Amino acid sequence: METIEEMARQVRCLTIEGIYHARSGHPGGSLSIADILAVLYFDQMQVDPSDEKNPDRDRLVLSKGHACPALYAALALKGFFPVDEVKGLRKIDHFLEGHPHVTIPGVDAPSGSLGMGLSQGLGMALAARCAKRSYHTYVILGDGDMQEGNTWEALMSAPHHRLDNLTAIFDSNGLQGDASVATQMGFEPVRPKLEAFGWKVEEVDGHNLEELKEALTSARTDVDQPVFILARTIKGKGVGFMENQQVWHGSSTLTDEQYRQALTALGDIQ
Amino acid sequence: MKQLSYWKRGEKVSLRDAFGRVLVSMAARRQDFYLFDADVAGGTGAKPFVSDYPERTLQFGIAEQNMMAAAGGFADSGLIPIVTTFAAFGTMRAHEQFRTAIAYPERNVKLCCSHLGLDVGPDGATAQMLEDLAIMRSIPNVTVIVPADANQLMSAFAALLDWQGPVYMRIGRSPAPVLSDGATAFQIGRADRLREGHDLTLIACGVMVAKALEAAEQLAEEGISARVVNLSTIKPLDRDELLSAARETGAIVTAEDHSVLGGMGSAVAELLIQEIPVPVTMVGVQDQFGKSGEPDELAEKFGLTAQTLVKAARAVLLKKEGRK
């Protein structure tokens, strides 16, 4: 078994592969969740590609669906489909849709329209209680999700229902489609808002694997309230020329030169 | 175990009462469905279920978008969410959640909404949902059901629990005449021919079915033979029954408590114009918002009466004659 750090690196490489071959996609926000996905899929989540629909499996909803190149990379590395398939991203007659769809092996929820993910995860968590199952549900939210009204309905609802089997992870990279979050519609400070809503909030460096592991491990065992992991991240993390550059939000075409540069930065090309 | 107990023909019963009754009756028979409510169980008719099965009721408060997307996630477990609210909130406020989090992944969610059409009455235009059929039937994977009376609603609910995939069902508000005695098996996608006729066919849904039967009686007195079809499944359409009506009677009048834009009449016309183009006249609300008033006053004001159907029948017959 490779280290989680190595899995995160491979998630980033496959993300770049997919977006390069698709000639479009969202690299910035995909790279910012690579470490989160690596910890989830290779340390925390109970999922089995050979028993994909097991009713007791843990669930993941990628509410910021545009970051699916990274999700597909993680699923491929986990064994849900061959890693080479990421090159089919966004192509006609290929199963890797431009935004998540449940027909894709390992994908638990459709997303791509921001704001609906936390509610879907909340529904899964409620169902676990009703069906007396012990699976855990994770939802990854982006900055855009935090501006959608639907997200705040879900933020209100999860503590009301005392869903301690639900964990939200907010990929807070501070940049959105056209400009910074602070410019477009600032919502900081997040922590007091969420605490006032009844969430237990854990703030971490979203690229520090140990911090992520610790926060996610305790989130699984916390009782009586849902946990909100406020992960401070860097958009484009791992590829120098993309880091903190709003222009790499998407929908980006990578030149051959940029593609090589990115893979070199990630250590895939010596 | 409680048996489904039906009403007698001719009784006037709100479909909301039937909804509450069938929820409770079916809950005793099967454990696999849960009620999702947004603080309107008194309005949708679900109250008896909420009282009898609090542990199978999930409360979302006035937050329908969250409720709808949560239902999508919930259905993933194999348990069936029965999502209830007023039609305006279920089909508009939470429309995208229904489309993307339920219909797109074909999740097994049943959306049952009250407060539709002019039948809502005094609450006025904000709640009088006249666009829901147009909105819901245009989404892929969705089945759309409009029961005509209390007994049919109960049979329809039992049928939709056995149906795999997303369903939207209308629940009427004001007391409506019960059209048949006891149980009639409800088959999703099958229209019911309630009266034979050969000059034209009145195709109606919901509260307009009783009015179509009344109109057919009046037309018979004028020597016009009108067939009456209860089109209780708007999607998928019963093609055979509709094409037979066009072929055998050659003229169609549709009747719905809904806008004439995009609703049941449009669905019928879309099929016929491509298969057997015969004259069609649509009775419904003419691209307007509703207003306050009692349901029968509104029906009069907006032309949703048996009398309007009689006039529409005469008009469509003139078109049919003109073609010969």
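**A walk through the two chains**

In chain B, strand β2 (residues 33-37) is joined to strand β4 (residues 80-86) by five bridges, and the two strands run parallel. Before going further, please keep in mind that this is a predicted model. To find one of the pairings on screen, look for B:Asp37, whose bridge partner in β4(B) is B:Thr84.

β4(B) also pairs with strand β5 (residues 110-114) of chain B, again in the parallel sense and over five bridges. Here you can pick out B:Thr85, which has B:Cys113 of β5(B) as its bridge partner. Is β4(B) largely enclosed or exposed? Seven of its seven residues are buried, so the rest of the structure largely encloses this strand. A residue counts as buried here when 20 or more other C-beta atoms lie within 10 Å of its own.

Now let us turn to chain A. Its open sheet is made of five strands in the order β1-β2-β3-β5-β4, with parallel pairing. At the edges are β1 (59-62) and β4 (200-205) of chain A, each of which pairs on one side only. On average, neighbouring strands of this sheet are turned by 20° against each other, ignoring direction.

Inside this sheet, strand β2 (residues 137-141) of chain A runs parallel to strand β3 (residues 166-172) of chain A, and five bridges join them. Helix α9 (residues 209-221) of chain A lies across β3, β4 and β5 (227-232) of chain A, and runs at about 165° to β4(A).

Two packed helices are described by the angle between their axes and the distance between the axes. For α5(A) and α6(A), the angle is about 30° and the axes are 8 Å apart. Angles under 35 degrees count as roughly parallel, and these two helices are therefore roughly parallel to each other. On the α5(A) side, the contact is made by A:Leu118, A:Ser119 and A:Leu122, while α6(A) brings residues including A:Asn150, A:Glu153 and A:Leu155. By class, this contact has five nonpolar, four polar and one charged residues.

Finally, where do the two chains meet? The contact takes 22 residues from chain A and 21 residues from chain B. On the side of chain A that touches chain B, the elements giving two or more residues are α5 (117-130) and α6 (149-160) of chain A. α5(A) gives the most, with nine residues. That side of chain A divides into 13 nonpolar, seven polar and two charged residues.

Terms used. Residues numbered from 1 in each chain as written. Chains lettered and ligands numbered in written order. Predicted model: local features only at pLDDT ≥ 70, side-chain atom pairs only at ≥ 80, totals over all residues. Contact = placed C-beta atoms within 7 Å. Helix = DSSP H or I, 4+ residues; strand = E, 2+ residues; numbered from the N terminus. Nonpolar A, V, L, I, M, F, W, Y, C, P; charged D, E, K, R; others polar. Axes fitted to C-alpha atoms, helices over the stretch in contact; angles between N-to-C directions. Parallel < 35°, antiparallel > 145°, perpendicular 65-115°, else oblique. Buried ≥ 20, exposed ≤ 12 C-beta atoms within 10 Å, placed from the backbone. Pairing = 2+ DSSP bridges.
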